[in-house]
Number of protein chains: 4
Amino acid sequence: MVTKTRKTSDQERKERTRQSLLAAAARVFLGTGYHKTVISDIVAEAGVGQGTFYRFFRDKEDVFSTLVDGFIERMLAQFADMSANLPKNAEEYRAASLAATKKLAAIFEENRELVLFFLREAPTISPAMAAKLDAMLNRFAALAGFYLQHAILMGFARHCNTEVVGQALIGIALRLVETWAKGRFATSALDRVIEEIVDLAFFGFGDPRMRLTMVPSGEGENR
Amino acid sequence: MVTKTRKTSDQERKERTRQSLLAAAARVFLGTGYHKTVISDIVAEAGVGQGTFYRFFRDKEDVFSTLVDGFIERMLAQFADMSANLPKNAEEYRAASLAATKKLAAIFEENRELVLFFLREAPTISPAMAAKLDAMLNRFAALAGFYLQHAILMGFARHCNTEVVGQALIGIALRLVETWAKGRFATSALDRVIEEIVDLAFFGFGDPRMRLTMVPSGEGENR
Amino acid sequence: MVTKTRKTSDQERKERTRQSLLAAAARVFLGTGYHKTVISDIVAEAGVGQGTFYRFFRDKEDVFSTLVDGFIERMLAQFADMSANLPKNAEEYRAASLAATKKLAAIFEENRELVLFFLREAPTISPAMAAKLDAMLNRFAALAGFYLQHAILMGFARHCNTEVVGQALIGIALRLVETWAKGRFATSALDRVIEEIVDLAFFGFGDPRMRLTMVPSGEGENR
Amino acid sequence: MVTKTRKTSDQERKERTRQSLLAAAARVFLGTGYHKTVISDIVAEAGVGQGTFYRFFRDKEDVFSTLVDGFIERMLAQFADMSANLPKNAEEYRAASLAATKKLAAIFEENRELVLFFLREAPTISPAMAAKLDAMLNRFAALAGFYLQHAILMGFARHCNTEVVGQALIGIALRLVETWAKGRFATSALDRVIEEIVDLAFFGFGDPRMRLTMVPSGEGENR
DNA sequence: AATGAATGAGCCTTCATTCAT
DNA sequence: CATGAATGAAGGCTCATTCAT
């Protein structure tokens with residue numbers, strides 16, 4: 001007779017197996033790369049039987065997808081509350097931008113390998129997976145664009161195409177993540193790099209004196 | 001005895017075969033993706049026998065690598081002469097940046113699929129291929145950094161970490177390439193997008209009035 | 001959960017599969033020759049799937065090697081106890097030689113094809129395999145040499161280079177095995193052939209009267 | 001117009017090509033082993049085109065066979081005259097045996113690698129090739145048997161099965177060739193080894209005193 | 001006659017997937 | 001439910017052989 005407790009423990013054991021498969025898959029994927037990973041690597045790493053894999057996942061893409069979904073979920077959760085309090089002035093805006101960037105960097109530091117792996121491999125796995133990555137990046141781009149839009153409306157950012165700039169900011173982040181991971185910028189502390197690019201985003205690299213003449217709507221400046 | 005004409009025509013035939021394999025490989029890679037492509041796809045597309053492939057290439061990676069080398073070579077050739085005449089003032093600098101970006105965009109437009117393919121797949125193919133892509137991007141980043149450095153010395157760019165900014169600019173370019181390819185920015189013309197990001201690079205998105213207070217050396221501006 | 005019985009029966013099934021592959025390999029090797037045999041012949045003969053072969057053996061040489069190791073092991077086991085009781089006089093020595101030769105012949109009769117196959121093919125398969133055969137033959141040669149040495153010391157064999165003679169005896173055995181297998185000596189019974197060569201080994205074919213003059217230490221004989 | 005000289009030189013060139021293919025094949029076979037040798041190795045070694053091979057030989061076995069035929073022919077030529085003068089007494093018989101063995105050894109020394117190669121590989125190449133080797137060895141065995149028969153008839157060899165002993169002698173030769181080639185017997189000079197085995201053949205290793213009692217027809221000895 | 005580019009049959013090997021226990 | 005033995009489809013690669021030049 002199957003008691004309720006028995007059922008529960010069965011359930012729990014099953015879930016534990018599933019988790020160890022997921023964890024094993026993550027480790028193997030990171031070490032070997034998605035395309036070179038074979039199912040038997042995963043089950044060996046997880047210490048379960050070959051057939052067990054198929055009780056939980058359809059195939060390699062399925063387990064990858066599951067892993068990725070979890071990651072994206074955690075990722076977006078971190079920024080879910082961000083839209084709650086919008087900056088009220090330029091100072092706050094810059095501070096919020098700096099904070100958001102640092103938060104992003106922190107998340108990246110914690111998940112360094114997984115992030116890089118996902119960014120690099122997702123586009124080559126399947127259209128579905130590529131779309132998932134794309135959707136995530138676009139959400140971030142849209143978020144940045146939304147803040148920028150707000151700043152423009154509030155008058156503490158100049159008028160610009162927020163869609164383009166939003167994507168550009170994501171591009172900066174992605175490239176710096178890659179470069180940072182490869183150990184370039186060795187001399188600069190991460191915080192310095194972040195400030196550097198926030199400055200870039202706010203002020204560009206142009207000489208301040210130049211812009212007086214170059215920006216059409218320049219009359220506001222030389223008051 | 002082998003006549004000279006015989007040898008020449010053999011040589012030519014061989015080269016034609018090689019080229020048709022390369023072209024076929026490019027087409028198949030783009031359509032199917034590197035990892036899902038099998039050699040028999042390529043030879044079928046090229047209309048040659050299976051064994052013929054191995055007369056020219058060691059394996060799939062070899063043909064990919066050959067394709068990529070050709071592309072990188074053409075790419076760098078386009079920018080080889082750029083360092084010849086450095087901009088002499090801010091105006092020229094901005095014009096040169098705009099021109100370079102447009103040139104890059106034009107090259108991309110011509111090789112749209114190959115570029116995207118290389119950017120996406122290279123990191124997952126092999127460490128060697130990843131290194132090749134990385135090297136190319138770093139060269140561009142260094143080039144941008146070098147120009148920026150020159151501008152700073154000339155006094156028409158503000159002082160900043162040229163290494164970081166160089167990479168950031170590459171990031172912007174990569175992300176916009178991706179986004180553009182997916183048909184976003186549908187409403188904006190390519191030229192507008194380019195101007196937008198060159199402006200971003202020069203001036204940031206910060207409100208010009210803001211920087212008066214935020215940039216320490218701001219007094220130079222409102223004299 | 002895996003029960004102990006499950007594990008046991010799995011183990012047994014696996015071993016049975018392995019054995020049927022080994023047996024099939026032996027049959028196919030003998031019929032087709034090592035070099036012309038292909039893996040698919042073996043699996044077809046064994047009645048298992050193509051992939052199954054690779055669960056047990058690395059390649060063709062591996063299965064051959066396994067087969068050979070088993071054979072050598074059985075072979076040497078037969079002669080392991082031989083050194084226990086050394087002959088105490090010439091009579092015993094001759095009897096022991098006859099017995100050993102007959103035993104060898106019996107083993108050969110039982111494994112006729114495998115022996116011939118191994119003798120013929122091993123040298124062409126790989127240096128490792130050639131060395132294995134060589135080692136086995138040298139062990140037999142050394143064994144024969146050792147007995148001869150003992151006989152010389154005991155005074156019932158004339159002094160000679162035991163190393164050379166040991167190898168010569170192996171040579172005789174090998175050649176007769178080959179010839180016998182081909183059905184020559186059809187008229188003579190195996191036992192007669194064996195006696196013939198034991199006599200050859202003991203007395204040579206020279207006329208007894210001749211040796212009186214030819215052997216330097218001949219004075220012992222015509223007392 | 002094709003002159004006679006033109007024809008001749010064409011003929012000669014063709015023959016030279018054929019010879020260089022044969023020589024190249026021999027070198028490659030010895031270095032690589034028959035089974036691992038591929039046609040392209042041979043043509044590369046010979047410095048001719050791939051197709052040229054097929055103008056002279058049907059396939060790999062054909063060229064091997066040609067090589068072997070030449071070798072056997074030369075081999076047998078060396079012993080063709082031997083039957084001319086048969087030994088007239090035991091002394092001559094022994095001397096002739098020694099001489100023949102030394103001649104054999106000399107031939108072997110000159111063609112060491114080719115001989116070993118042929119002995120080892122022939123049985124695994126095809127039944128036809130195995131038969132060729134077998135036939136050659138049997139001819140030698142028959143030759144030895146014939147001499148022995150003659151000696152028996154003349155009364156300077158004891159009565160024995162000449163067929164068996166003939167093969168046994170070949171066996172001794174083959175085994176010593178193998179062993180000698182591997183560098184064993186390092187201490188003994190070749191001539192000593194040869195004398196050793198001729199003695200073995202004539203007298204066996206048995207103690208001369210023993211045979212008085214053991215050979216049934218022993219009374220003839222101590223007359 | 002000689003060449004060597006091209007070919008494709010054929011073998012090896014891997015690995016996702018099934019299924020009896 | 002978990003297992004792992006067994007499978008065979010699929011793809012890589014080699015190399016003997018052909019044939020246009």
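I count a residue as near a strand if its C-beta atom, placed from the backbone, lies within 6 Å of it. The model I am reading is predicted.

**Entry: DNA strand E**
I looked up what lies around DNA strand E and found 39 residues. The closest are G49(B), G51(B), G51(C), G49(D) and G51(D). I then sorted this surface by class. It has ten nonpolar, 17 polar and twelve charged residues.

**Entry: DNA strand F**
I repeated the search for DNA strand F. The surface near DNA strand F splits into 17 polar, twelve charged and ten nonpolar residues.

**Entry: chain A overall**
I turned to the secondary structure of chain A. I found nine helices and zero strands. Read from the N terminus, the order is α-α-α-α-α-α-α-α-α. Chain A has 223 residues, and 31% of them count as buried. I also checked contacts between residues at least 6 apart in sequence. Of these, 57% join residues at least 24 apart.

**Entry: domains of chain A**
The domain assignment gives domain 1 as 1–57 and domain 2 as 62–220. I listed the residues in the contact between them. Domain 1 of chain A supplies eight residues, and domain 2 of chain A supplies ten. What classes make up the side of domain 1 that touches domain 2? I got seven nonpolar residues, one polar and no charged for that side of domain 1 of chain A.

**Entry: helix α2 of chain B**
I took helix α2 of chain B, residues 39–46, next. Its buried residues are I42(B), V43(B) and A46(B). These cover an arc of only 90° around the axis, so they sit on the same side of α2(B). In general, residues three or four places apart in an α-helix point the same way, because there are 3.6 residues a turn. G47(B) follows α2(B), and its phi is positive, near 70°.

**Entry: helix α6 of chain B**
I then checked helix α6 of chain B, residues 127–154. It has 28 residues and reaches 40 Å from its first C-alpha to its last. That is close to the 40 Å expected at 1.5 Å a residue. Which residues of α6(B) are buried? I listed F140(B), A141(B), A144(B), G145(B), Y147(B), L148(B) and A151(B). The cover over these buried residues includes α5 (90–125) and α7 (162–181) of chain B. Just after α6(B), I noted a positive phi of about 90° at G155(B).

Definitions and conventions: Residues numbered from 1 in each chain as written. Chains lettered and ligands numbered in written order. Predicted model: local features only at pLDDT ≥ 70, side-chain atom pairs only at ≥ 80, totals over all residues. Nonpolar A, V, L, I, M, F, W, Y, C, P; charged D, E, K, R; others polar. Helix = DSSP H or I, 4+ residues; strand = E, 2+ residues; numbered from the N terminus. Expected span 1.5 Å × (residues − 1). Buried ≥ 20, exposed ≤ 12 C-beta atoms within 10 Å, placed from the backbone. Contact = placed C-beta atoms within 7 Å. Domains from an automatic or database assignment. Arc of directions from axis to C-beta.
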